[in-house]
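Colleague: Please put the model up, and then we can go through some of its contacts.

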Amino acid sequence: PDKVPVFIAQGDVGRTTISCDDGHTWVGDRAWDTEGDAVMCGQVQSAVCYEAQCSYMVDGECETMTCCDHAPDVSKGVIYGGGQFVATWGWGRPGAVKTSANAVDWVTTHPGDSYGGLAYGGGRFVLASRAPFVSGDGTTWTAGGEADFRNADDSLMWSVRRFAYADFEGGGRFVAVASGDTDRDMLVSSDGGESWWRPSSIPADCAGSVSTYGGIVSGNDVIVIVDQQANACRSTDGGVTWSVVPTGLQQILSHGVWTGSEFWFWGDDGYRASSPDGETWTVTPMATPHRLGPVAISDAGTLVAVGNVWQGYDAQSFFRSTDGLTWEALTPGTAFAPSHPIFYLTFGYAEPSALCQKP
């Protein structure tokens, strides 16, 4: 009751921005290049993703590389839990895990590594990789159990592509999907990241391409992984076995949400796929067709979204909806500040700040 409900968007170059008015406007836009963050050698810079050259601190040395391209500032996820917002950056090069209670002021709590995502559940944060780290408070981190992802030839697989926590009556599950050059693997933890096990069956067309697009969502003891190819891979036994059904779309370009009664994903530049159980899907055209990327839902049911994740700056778009079919396009420069590409959204409750006060 003493906190402010907020949406938070996480992007490259350490960017975050928040909405504390139910998705109508976004404030507190900040990023590492304008702040001269330690990850960027403590230097104020003018970063432009995929075009400009940025300076990063890597293994104690300042290195120059293309901004946001397999670099320490690549956004890999933001989550709320236990009264804290936690976000991780870094892909291909070590970045930083940062924590905030008010979603505005961030402190580095786990530097010098990179992860394929993070999730919160059962009172614990987990950072996903072959060498996961876990935390009960989002501040102090300890090593979890090795996640031994493998290729079909039994060689090591390294890259976690998508990660999430799933509620389940038999105990919560952390679910990780990894991939190599040609293969894909899945591991599950039912003890908060201390150990990992492989499902007894993983269909060939399950989670074929789930990274920037699609996602892992749970509801009513069903875990659903929807991939870019618009396949829904479903488990009703806590991740032990999986089956695949089509969603009815040709491709999924968005993240997904559980509304409390249905799974929702968006694709084909203007259609929503919905399902109460992850097995039977209904495709509905959007009243205002848009390409959606990251999507988040509040406890009150408000949805916010960002458009094509690869389009930042002047081409960036933010949206708001109450039904997932009619979307209000926010006015750039007025309702939000166009800037570095946004890849993740989440909802949580922030300590009051100068930017966000209790109504």
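Modeller: D185 is buried, its relative accessible area being 4% (buried means under 20%, exposed over 50%, partly exposed in between, with a 1.4 Å probe and protein chains only). This is a predicted model, in which local features need pLDDT of at least 70 and side-chain atom pairs count only at pLDDT 80 or more, while totals for chains, interfaces and linings use all residues. Residues are numbered from 1 along each chain as its sequence is written, and side-chain values use heavy atoms, without hydrogens and water.

Colleague: Which residue forms a salt bridge with D185?

Modeller: A salt bridge is a side-chain nitrogen of Lys or Arg within 4 Å of a carboxyl oxygen of Asp or Glu. Here the closest N and O atoms are 2.7 Å apart, and the partner of D185 is R198.

Colleague: Is R198 buried, partly exposed or exposed?

Modeller: The relative accessible area of R198 is 39%. That value makes R198 partly exposed.

Colleague: How many residues apart are D22 and R320, which form a salt bridge?

Modeller: The closest N and O atoms of D22 and R320 are 2.8 Å apart. D22 lies in the loop between strand 2 and strand 3, and R320 in strand 27 (residues 318-321) (strands are DSSP runs of E, at least two residues, numbered from the N terminus). The pair links distant parts of the chain, and the separation is 298 residues.

Colleague: Is R320 buried or exposed?

Modeller: R320 has 13% relative accessibility. R320 therefore counts as buried.

Definitions and conventions:
Helix = DSSP H or I, 4+ residues; strand = E, 2+ residues; numbered from the N terminus.
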